[in-house]
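Here is a friendly note to read with the model open beside you. Take the points in order and find each residue as you go.

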Amino acid sequence: MKLDNALRRQVFSLPSLMKEQYEDLEPKTRKLLTTPEIFSIQRIVLTGCGDSYAAAMATKHIFELLTNIPVEVVSAIELSRLYHDKQLGFSAQNPFVFAVSNSGGVARIDEAMQRANKYGAFTVGITGNEQSPLGQAAQRVLKLAIPDFESAPGTRTYLVSVMSLLLLAIRIGEVRGCYTMDQAMAYRYDICAQAERLEEMLPEMDKQMEELSEQWSTFPAFDFVGAGFDYAAAWYGHAKIYEAAGKFAMHNYSEDWLHLNFFMRDSENIGTVVVSNTSNPAHSRTKEMIHYAQLLQRPLLVVTDGEQKDYGTEACYVRVPKTAYEITMPLTQFVPLSLLAGYICERIGEEDGRGCKGKWAFCANGASVKNSEIIVK
């Protein structure tokens, strides 16, 4: 009998969601910032928590590639409590701080934005709720409009967060003359094309992940590896294992994996997932890491736009859409990881988020991240 759950159904809704959200977000991102504001940007800070933090990591290098502006990804608590105040107002309305939170209700994000405002940064909130603390704290708001869907570990929201940041990066680079308007439209068309490619490839992805989950559901631990913006998808994958299945999971860069993670014992029972875009500048190092993982007899899944011949190592390879431009890869490369987590959750009879029951009751309705003392120093 075919397995199914809310997480899988979220995944299968993504192609249509991509089309809908592009139509909504593309004009909004054109109008969010004025031309003088865009030219005034000297440094960008991206922040968020959980999946939103992963979306920031997924687009950091893309912002730099497209805008030629230095970009930092800073966790919300670092920005709110530790980031030096002189760096939050080193020049008029700089840095530009983009904070991502679909709910807008995370206390640490609100705190970070209030502190950034206090010291002279320009703050932009990317949220689905303009009346939320984030919506109220931000100087400018990019309003997300994600249609309601049955609850599951964030998949639809992650896609839209990545798309919104990607479209903003394209717009900023276009206005600053980093490339022509025609090139900017080519980037945007490649975003649109991902919907069709993903729809075509989803059935095979789904089949592979369901079959793999039969063996992998018994594993006690999982290891997710990547480099560059591939690392963001690896980080996202480890988060879905926590949320959906409640199992041990790690994440690391391919280089650091060869300094640390390969020492782990019981290697035959560690599900090892490598996210590897063939155009990634770190591709050769990731290939080496995959080879060594295979020598350790690690169960291996490689998420790639390529094929096994591109790696020369035996593993399970799941293909994601090959894009015209590498900057659009983050829109789809996370998809098999949601499917895998959902299937493992279903096979072991787990309830995502532990149902916020029993020992986990304190986190019901996000209380543990929303109800926190706000301190702005």
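1. A word on the model. This is a predicted model, in which local features need pLDDT of at least 70 and side-chain atom pairs count only at pLDDT 80 or more, while totals for chains, interfaces and linings use all residues. Residues are numbered from 1 along each chain as its sequence is written, and side-chain values use heavy atoms, with hydrogens and water left out.

2. The cores. A nonpolar core is a set of buried Ala, Val, Leu, Ile, Met, Phe, Trp, Tyr and Cys residues joined through side-chain atoms within 4.5 Å; buried means under 20% relative accessible area (1.4 Å probe, protein chains only). The largest such core here has 92 residues, and Leu-33, Phe-63 and Trp-216 are among those with the most contacts inside it. Helix α8 (residues 156–175) gives the largest share of this core, 13 residues; helices are DSSP runs of H or I, at least four residues, and strands are runs of E, at least two, numbered from the N terminus. A second, separate core has 17 residues, including Tyr-83 and Leu-134.

3. Phe-63. Contact means heavy atoms within 4.5 Å. Not counting residues up to four places away in sequence, Phe-63 touches Ile-44, Leu-46, Asn-68, Val-71, Leu-165, Leu-168, Ala-169 and Ile-172.

4. Asn-277. Is this residue, Asn-277, buried or exposed? Asn-277 is buried, with a relative accessible area of 1%, and sits in the loop between β8 (270–276) and α12 (283–295). Leaving aside neighbours within four places in sequence, Asn-277 is in contact with residues including Phe-229, His-283 and Gln-333.

5. The largest pocket. On a 1 Å grid over the protein atoms alone, a pocket is an open set of points where a 1.4 Å probe fits, with protein on both sides within 12 Å along at least five of seven lines; lining residues have an atom within 4 Å of a point. The largest pocket holds about 1700 Å³ of space, a volume being the space filled by probe spheres set on the points. Of its 44 lining residues, Asp-51, Ala-152, Pro-153, Gly-154 and Glu-243 lie nearest the centre of the pocket. The largest share of the lining, 5 residues, comes from α10.

6. The second largest pocket. This pocket has a volume of about 160 Å³. Its lining includes Trp-216, Arg-298 and Cys-316, and helix α9 (residues 181–216) gives the largest share, 3 residues.

How values were computed:
Buried means under 20% relative accessible area, exposed over 50%, partly exposed in between (1.4 Å probe, protein chains only).
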